[in-house]
Amino acid sequence: MIIEVKNLKKTYEGRVPTHALKNINFGIKKGEFVALMGRSGSGKSTLLHQLGLLDTPTSGEIIMNGNNLVLLDEKKKSEFRLKELGYVFQSYALLPELTALESVYLPLMLLGVTKKEYIKKASEMLDKVGLGDRLQHLPREMSGGEQQRVAIARALVNSPAILFADEPTANLDTESSEVILKLFKKLNKEIGQTIVMVTHEPDDKKYVDRVIWLKDGVIES
Amino acid sequence: MNLKTSFFLAYTSIKRGSKGTLVMTILIMTLAYVNLVFISSIFGGIVEAINKESINNQYSNIVIEPEIDKKYIDNKDAIQLIDTVPGIIASSAHYIDSTSISYDEYNDGNDIKKGKWVLKSIDIEDEVKVTEVHNSMIEGSYLESTDRDQIIIGKEIAGGHGGSLEHLSLGGVSVGDKIDVSFSNNIKRTYTVKGIFSVKSTQVDQMAFITKKEMESVLKVHNLASEILVKIDNVGEENIYINEIRNLGLRNEDIKRWDELMGFTSSASSSFIMISLILGIIGTIVAGVTIFIIIFVSVVNKRRQIGILKAIGMRESTIILSFVVQALFYAIVGIVLGVSFILFVLRPLFLANPLDFPVGWVSLKVTFNIIRISNISLLLASLVGGFFPAFRGARESILKSIWG
């Protein structure tokens with residue numbers, strides 16, 4: 001297992017506490033392409049946020065390489081996210097002042113890679129997602145689908161152990177959505193990239209190896 | 001913290017962000033900086049004008065007065081040697097007498113105006129090297145060495161020249177008019193007004209001058225002095241020369257620097273410095289708040305981006321530094337433009353057209369110290385003003401930043 005979840009709970013405190021995740025247990029194998037599906041409010045995005053260390057669960061364990069990631073402090077979590085995890089968000093999430101190339105090499109810059117190397121790696125990654133001719137384009141000069149591919153290239157440039165995608169096609173038209181999902185499939189097959197994707201589109205099932213269904217914060221199947 | 005990434009983000013944000021916002025921000029910083037330097041410089045100019053006025057027209061650099069219980073400085077040998085001290089430009093000995101001056105405008109014994117004023121005697125050749133009163137004649141001319149029955153008076157004595165003590169004046173004496181002077185030894189003499197002077201010091205404008213020879217004939221003294229004004233080349237080194245003068249033999253005389261004698265004007269100078277300091281602090285706070293607002297708006301607009309940067313593994317410190325670098329950039333550009341504007345536009349303008357203040361002609365006194373303190377103030381204000389909103393934005397949780 002590349003990642004294992006044990007007794008994971010997430011409760012949002014308030015006048016009436018909301019139990020978003022209730023005792024979740026599952027594991028994901030290396031190289032798997034997994035979809036988290038369920039109706040709105042089922043807890044799929046909440047689960048992805050816990051797995052991606054974007055949020056802290058109320059209790060439970062998230063085990064990677066034998067380490068319980070929940071116990072890491074904020075600095076260690078930042079470092080872990082930078083080195084081991086990649087993210088693709090629903091709405092592109094690019095910095096408007098950065099070109100495609102700059103957006104992609106930003107994580108490498110944070111890792112302290114040399115300029116020559118980060119430009120080379122970022123260019124290759126953009127080429128891999130089909131944007132080799134868009135290196136110097138700013139987000140406003142690209143379509144939604146192209147921006148999402150830049151976000152994918154950025155997520156993959158530091159060779160993360162797991163790529164998390166939170167409804168990556170929600171803001172895209174059918175054609176662009178298909179391009180993105182095919183790209184995910186290709187990356188999964190060709191480089192064995194482990195991918196965990198939240199989606200609410202039933203049609204997306206055909207691209208993934210396994211679907212984890214959630215309902216009211218509990219895994220249904 | 002990743003310095004390279006912080007600078008990279010700041011650079012791209014400035015380079016590719018809104019040009020209008022950039023120009024406005026830099027303009028605000030430039031104005032905030034000009035405000036800081038201008039306030040200090042104008043008050044510096046006022047203080048300098050006060051000091052200059054005191055040195056040029058009243059005290060020169062050093063004033064020697066008789067030792068306690070003596071009316072005159074009587075060490076004639078030492079007096080002769082003062083001018084020989086290297087660095088001393090000149091000295092001028094005065095006799096001082098409290099006099100009563102009266103003016104009968106219509107020579108009919110009615111409506112005689114009179115008052116009590118200080119009358120000093122001067123040695124013309126020495127005096128012109130030490131004070132600037134000879135360049136401040138508004139009517140008539142300055143005394144000459146041979147003058148015996150002539151007097152020059154300040155505008156506050158003469159009246160009719162817009163003085164601030166007009167009600168105490170002789171009510172409009174003109175050059176050529178005759179005035180009666182009663183000396184402290186009860187001798188009375190009539191003098192013809194040769195000139196009326198006006199400097200920017202009310203105290204000096206309340207004085208009258210006659211020649212040394214004339215005063216010695218009235219007081220029946222010879223080669224003594226009630227006070228000696230000493231002019232030196234380097235203002236600020238008075239204490240060194242005071243020691244030199246004491247070594248000449250004037251050991252018990254009361255020797256003071258000009259600034260020790262300023263009294264009211266000294267406290268006015270201190271007040272101006274205090275006001276300048278208070279306005280400077282307020283200006284710095286305003287600059288800091290301005291930067292705070294600019295960076296706060298930027299942080300609010302980039303809230304989602306901050307969340308994304310944190311999500312991809314960027315540390316909070318790197319994000320904070322990128323905003324602080326931006327704030328410092330605005331401050332540095334503001335300083336460069338502000339300094340250029342002050343040195344190449346404002347300062348020459350004020351030098352060419354000094355302001356006519358009651359204390360003197362006031363120009364901008366832009367010193368290295370004012371520039372240095374203003375630079376440090378603005379940089380510190382930017383550092384603090386940039387840090388807090390950035391810190392607040394960067395500390396927010398990733399999910400809250402991205403999804404609100």
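Two strands are taken to pair if DSSP finds at least two bridges between them, where strands (E, at least two residues) and helices (H or I, at least four residues) are DSSP runs numbered from the N terminus. In chain A, strand S1 (residues 3–12) and strand S4 (residues 59–64) run antiparallel and are joined by 4 bridges, with A:Lys9 standing opposite A:Ser59 in S4(A). The model is a predicted one, in which local features need pLDDT of at least 70 and side-chain atom pairs count only at pLDDT 80 or more, while totals for chains, interfaces and linings use all residues. Residues are numbered from 1 along each chain as its sequence is written, and chains are lettered from A and ligands numbered from 1 in the order in which they are written.

The chain A strands belong to an open sheet of 4 strands in the order S2-S1-S4-S5, with antiparallel pairing. Strand S2 (18–28) and strand S5 (67–68) of chain A stand at the edges with a single partner strand each, so one side of each has no neighbour in the sheet. Helix H1 (residues 44–51) of chain A lies across S1, S2 and S4 of chain A and runs at about 60° to S2(A); the angle, on a scale from 0 to 180 degrees, is taken between N-to-C directions of axes fitted to C-alpha atoms, for helices over the stretch in contact.

Turning to chain B, strand S3 (residues 96–103) pairs in the antiparallel sense with strand S4 (residues 113–122) over 8 bridges and with strand S7 (residues 178–182) over 3 bridges. B:Thr99 stands opposite B:Trp117 in S4(B), and B:Ser102 stands opposite B:Asp180 in S7(B). In a regular strand the side chains alternate between the two faces of the sheet. For S3(B), the covered face holds B:Asp97, B:Thr99, B:Ile101 and B:Tyr103, and the uncovered one B:Ile96, B:Ser98, B:Ser100 and B:Ser102.

Helix H7 (residues 212–219) of chain B has as its buried residues (20 or more other C-beta atoms, placed from the backbone, within 10 Å of their own) B:Lys212, B:Glu214, B:Met215 and B:Val218. Seen down the axis of H7(B), these fall within an arc of 160°, so they line one face of the helix; the arc is that of the directions from the helix axis to the C-beta atoms. They pack against S4, strand S8 (188–197) and strand S9 (207–211) of chain B, contact being C-beta atoms, placed from the backbone, within 7 Å. B:Lys220, whose phi is positive, near 60°, follows H7(B).

Notes: A residue is buried if 20 or more other C-beta atoms lie within 10 Å of its own, exposed if 12 or fewer, and partly exposed in between; C-beta atoms are placed from the backbone. Two residues are in contact if their C-beta atoms, placed from the backbone, lie within 7 Å.
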